[in-house]
Amino acid sequence: PRPGMALALLAATAALMPAGALAAKSAKAPADPPASDLGDFVVRLRGFLPRTHFEWADLGRTLLLHVDYWILIAVAFAFARRLTQRAADRKLRRVKAAMAYARHRDATYTSVETGMLEWINHLLRHEWRAVIGSAVDKQARVAMERAMRDAPSMTHGVVRRAVVEEATFGVVPPDLKLYVSRYNPAEDYLQFEFDFRWDTVSSHIVIKADVSVPGGRTNGHAQDGVGGFTNALLSTFARAVPSARVPIHVTDLSVAGRLLIGLRLSNRAPGVSGVDVSFDGKPDVSVSVRPAGVPLNDIPYVREFVEQKIGETFAASYVEPRRYYQDVEGLFLKELGPGVDAEDAGPGGALVVDVRNAERLPARTHEKTKTNACPYVELTYGGVTRRTPTRLNTTDPDWSTRLVFPLPSKSVGEETSGGRFLPLRARVMDWSPLGEPRCIGAATQTVDLGRLRAAAERA
């Protein structure tokens, strides 16, 4: 055996030196002679170093026989370099387009300023439970119901029908940080840009989906083996269970991005004709989805898929240049009172009930274990039933919700026997993701419409 490349070079150099002969003659010298000359040192060094099997011819033969490997490596390297370059070019184009858009946007405004307004967060927390929270829940439900209409086509017929049973974003408003304000006098338009982050608390969305089991697919020929057995099994199961209603429980919603809020000012009451809301780019969305109580987010890649679909839904409706617009002036003209729309009122007006909170509700007991309830309030008046959002895992819920009931005309209501005094029935329910809700407590309050109408007229 011969040494490796470095050792072969060292041995060849040592063999050319005259001192090599002296080292060969002194082979019978004592075991540890003094290292007086270079040849003796080289011989002892070769004895200590490991020996390897190496042939230059073998190396050349190996390189020639596996040249296809080198070609594949070169092609893969060129392909990866090309992909990386294209991704970098796309990113550069996006950055340049965003910078150009920002310059164009700021050029249309006469004044631009940047700062911090912490008082906005204090005002938002105060107004959230009073007005804004219910309006956001209502608009979100309308948007989700509109999106659920496309569920059959999006799922290729697996989901036949999807209904939004409940939608609330909880009791904590979003947090707004650094802002940029712009004003356009030509359009009398004021715009604010915020660093937006919303980690919801007690957010609760329930979707009831009618899921059908897909049957086996055939192409006109008999199938053998595992494919034929799988199709036969699916067809049998589809005939036995044509469809099932699956409750989908969505919680822990979190949204972060750059939020744009625009105010279209006017000289007419209430001073603002409309408000538009949008995101400067697709926001980052995180959510927990549990169909039939199964933690779907714990399955690999499922969470990324769900969050990507939610982000695409945001981008389709609320990312520039698409905006959500609220006609403030129209609402002001149709408003009958704070939080009462004309569509919620009857010919005799509306009965407004403010549901605040509850304290020390009983916990849920199951097999010697106690868990907090998920309470909501259900009110019934005049044959119409309304309910509050559900607060999760609490015995001291805070709903802060306004419920509106239509009233008949004054003549019909008072001439009908008992029409002036109608009971308002209230039930506190404990929501369950799988079973039916449990009634925690109930109460009835008689409402004197004549006295309420007289008080309203005096006011």
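Select Arg 93 to begin: this residue is exposed, at 53% relative accessibility (buried means under 20% relative accessible area, exposed over 50%, partly exposed in between, with a 1.4 Å probe and protein chains only). The model is predicted, so that local features need pLDDT of at least 70 and side-chain atom pairs pLDDT 80 or more, while totals for chains, interfaces and linings use all residues. Residues are numbered from 1 along each chain as its sequence is written, and side-chain values use heavy atoms, without hydrogens and water.

Arg 93 belongs to helix H5, residues 67-107 (helices are DSSP runs of H or I with at least four residues, strands runs of E with at least two, numbered from the N terminus).

Leu 72 is exposed, its relative accessible area being 58%. With Tyr 69, Trp 70 and Ile 73, Leu 72 makes a nonpolar surface patch of about 490 Å².

Leu 259 is buried, at 7% relative accessibility. Show Phe 196 as well: its C-alpha atom is 5.8 Å from that of Leu 259, although the two are 63 residues apart along the chain.

Finally, select helix H12, residues 449-458, where Leu 449, Gly 450 and Arg 453 are the buried residues. On the other side of H12, Arg 451 and Arg 458 are exposed.

Conventions. Patches are made of residues with over 30% relative accessible area and no salt bridge: like charges are joined within 9 Å, nonpolar side chains (Val, Leu, Ile, Met, Phe, Trp, Tyr) within 5 Å. Accessible areas come from the Shrake-Rupley method with a 1.4 Å probe; for residues, only the protein chains shown count as cover. A salt bridge is a side-chain nitrogen of Lys or Arg within 4 Å of a carboxyl oxygen of Asp or Glu.
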